[in-house]
Amino acid sequence: MMTVTKHVTAMVGNHAVAYAVKQAKPQVLAVFPITPQTTMLEKLAEYIEKGELKAELIKVEGEHSALAAVYGAAVAGARVFTATSSQGLLYMTEMIYWAGGERVPIVNAVATRALAEPWSIWDDHQDFFSKRDASWIMMMAENVQEAYDMTLQAFRISEDKRVLLPVMMGFDGFILTHTMERLEILEDEIVNKFIPPREFNLIDFNDPVNVGPIAAPDDYMRIKFETMKAMEGSKEVIEEISKEYEEISGRKQFGLIECYMCDDAEYVFVTAGAWTGDAREAVRRMRSQGKKVGLLKIRVVRPFPKERIKDSLKGVHGVVVFDREYSYGIGGILATEIKATLYNSGIDVYSVIAGIGGKDVRPLHFQKVMEDVLNGHKFDERWLNE
Amino acid sequence: MSEELIPEYIKQKKVIRQQYFFRGNAACPGCPIPKELDLLLEVMGKKTVLVVPASCSTVIMGDIKGSPSPVPVVHSAFASAAAIASGLSRQLRMRGEDAKVVVWAGDGATGDIGFAAVSGAAERNEDIIYVCYDNEAFMNTGIQRSSLTPFGAWTTTTPAGKREFKKPVPFIMMEHKIPYVATASIAYPFDYQAKLRKAKDMQGFRYIHLLSPCPPGWRFDSSLTIEVAKLAVETGVWPLFEVVNGEFSLTGISKTLLDKSKRKPVEEYLKLQGRFAKMSEEEIKVFQEAVDSMWEYIKDLVKR
């Protein structure tokens with residue numbers, strides 16, 4: 001491993017992502033303000049006005065246009081960035097599918113937040129998970145450091161010619177966007193080497209093409225098949241890129257999933273996002289009491305890393321899946337996907353719905369639920385409402 | 001075909017008007033869109049990107065197997081053309097390309113679903129040329145009313161005739177104080193091309209609103225497209241004007257129409273089209289009054 005010069009600082013999540021974006025040198029950004037993403041937009045505007053980032057910031061009239069504008073710029077070869085949250089992500093939805101379908105490299109940082117009605121500015125994952133079938137690669141950060149690291153990796157993954165898919169980086173609203181944490185930042189030259197300038201574009205006046213036209217059924221399905229292959233193939237690319245990132249950062253990045261004390265664990269938490277830290281703390285406490293528990297963090301939500309999950313849960317008796325979002329009539333989305341992944345494996349899946357609309361969840365909550373499971377209390381689904 | 005077998009009038013046409021937009025596209029008989037694009041591309045040149053939101057032109061542009069366009073085309077979702085064009089134009093500038101970004105959008109994408117994006121791009125004065133080819137209804141889905149459908153017109157969603165007046169989009173765009181706003185008609189190709197040329201040589205948001213008669217949608221014979229387009233201007237229903245950096249002026253034949261007596265009665269325009277067939281005498285009078293009052297408004301603009 002090469003020697004790494006570490007710059008240790010502290011930043012709130014929104015500023016950490018903005019800093020990563022500045023280092024990645026996008027040419028065009030289009031952002032519309034929405035809580036809790038706004039302070040990131042302000043930081044980016046400041047970088048551009050000060051000349052620290054040479055880029056066009058299109059101050060659009062809404063999120064639908066924000067994604068449309070970066071889509072247009074990306075078609076013309078720009079490295080692009082946008083960010084949103086909650087209703088803004090919903091308002092973008094049409095263009096989310098448009099960009100995913102055309103497989104245009106875009107990085108979109110989503111400060112996760114509950115959806116109206118009723119109004120809620122607090123965190124849950126309902127907005128983020130509602131985009132899971134739009135042909136985007138989707139990642140969830142655990143902390144401010146990972147939000148920074150993931151943003152840099154997202155540009156590389158998205159623009160990799162084996163992938164060419166837009167990437168959404170989810171990080172919990174307020175919990176990460178507004179919390180100041182210790183942050184190790186990379187030097188600009190190291191980032192420049194890690195993410196070289198984007199080279200290709202679809203606008204060639206000598207060889208003009210029709211971008212995004214009509215496709216008859218045979219062609220349409222073939223294109224979707226190709227997208228499926230690109231998604232599956234991206235799993236290997238994501239792991240390869242995180243390996244490379246481990247080398248330049250001197251920090252472990254874990255690829256698609258991360259296992260904490262899984263090796264001899266009998267029961268394992270499954271989480272995605274910021275509360276992974278709380279689950280980690282719960283595992284630490286329970287291990288000190290001699291209880292064989294572990295934690296599986298889903299780092300990449302799409303493509304869903306089913307093979308890696310299956311491998312790492314071999315020999316486990318049961319898993320307790322924490323969902324911060326819900327699909328009515330079927331259950332927690334992650335839990336449902338874990339059930340599908342573990343089909344016929346004999347591993348019990350316990351689904352916990354918690355933290356909806358920002359309801360507080362602490363290590364103690366994780367501990368309590370796991371104690372119940374260890375004491376033989378069986379349940380399919382449990383809402384932490386009390 | 002060898003040169004000597006080509007009739008003289010066709011030869012002449014070939015010399016005058018080089019083909020920019022390929023024949024064999026999927027337009028209906030009598031549809032002016034291919035010709036309008038042809039005239040546009042002749043002025044704009046090869047270094048042009050067309051942005052086309054959901055509309056008749058989406059179909060005319062062909063499927064993934066081939067395109068009749070000699071320049072790059074970026075298809076867009078219905079509401080997003082002006083925003084996609086904004087991004088395209090910014091990046092082409094970053095790349096140092098001297099290229100034109102032209103939105104080619106119907107009336108629905110411009111005045112209805114995409115209006116926020118159009119207004120936003122105009123307010124930011126994005127460096128794009130926006131052409132609205134106005135066939136006065138949602139024709140791609142089969143003749144449903146838009147906010148730009150005129151008063152009294154039959155559509156499948158206004159079976160008894162539309163009760164509201166046409167949204168005055170060119171005037172609304174004028175109020176955005178953008179560098180260039182113009183109206184045009186396919187019946188006056190030189191006026192249309194002169195306006196395109198003027199727009200091409202300017203910077204910022206340029207808006208051209210082109211009245212584009214639709215034979216199946218307006219219910220007239222497909223041989224009458226130019227006739228109808230011409231009557232729209234001669235009756236004063238569709239005034240030809242341009243606004244250069246805030247300065248309003250009538251162009252072409254419309255210059256003579258400030259005098260009401262020079263304008264043909266609107267009935268001559270309406271009677272050619274089946275979509276107005278059910279209009280009563282009273283409604284025609286209301287239509288005529290609306291046209292006359294628009295000209296009073298224009299009189300004020302000319303004086304300014």
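Visitor: How many residues does the contact take from chain A and from chain B?

Guide: This is a predicted model, where local features need pLDDT of at least 70, side-chain atom pairs count only at pLDDT 80 or more, and totals for chains, interfaces and linings use all residues. Residues are numbered from 1 along each chain as its sequence is written, chains are lettered from A in the order in which they are written, and side-chain values use heavy atoms, without hydrogens and water. Contact means heavy atoms within 4.5 Å. The contact takes 39 residues from chain A and, from chain B, 42 residues.

Visitor: What area do chain A and chain B bury between them?

Guide: Buried area is the accessible area (1.4 Å probe) that two parts lose on being put together, summed over both. Of this area, 65% lies on carbon and sulfur atoms. The total is about 3000 Å².

Visitor: Which side chain does A:Glu61 meet in a salt bridge?

Guide: A salt bridge puts a side-chain nitrogen of Lys or Arg within 4 Å of a carboxyl oxygen of Asp or Glu. Chain A and chain B have four between them. In one, A:Glu61 has an N to O distance of 3.3 Å to its partner, B:Arg124.

Visitor: Which residue is the bridge partner of A:Val211 in β2(B)?

Guide: Strands here are DSSP runs of E, at least two residues, numbered from the N terminus. Two strands pair if DSSP finds at least two bridges between them. Strand β9 (residues 210–211) of chain A pairs with β2(B) in the parallel sense over two bridges. A:Val211 is bridged to B:Val74.

Visitor: Which residue of β2(B) is the bridge partner of B:Val52?

Guide: Strand β1 (residues 48–53) of chain B runs parallel to β2(B), joined by four bridges. The partner of B:Val52 is B:His75.

Visitor: Are the residues of β2(B) buried or exposed?

Guide: Buried means under 20% relative accessible area, exposed over 50%, partly exposed in between (1.4 Å probe, protein chains only). In strand β2 (residues 73–76) of chain B, B:Val73 and B:His75 point one way. B:Val74 and B:Ser76 point the other way. All are buried.

Visitor: How many of the ten residues of α10(B) are buried?

Guide: Helices are DSSP runs of H or I, at least four residues. Helix α10 spans residues 225–234 of chain B and is mostly covered. Its buried residues include B:Val228, B:Leu231 and B:Glu234. What covers them includes β5 (180–185) and α11 (266–270) of chain B. The buried count is seven.
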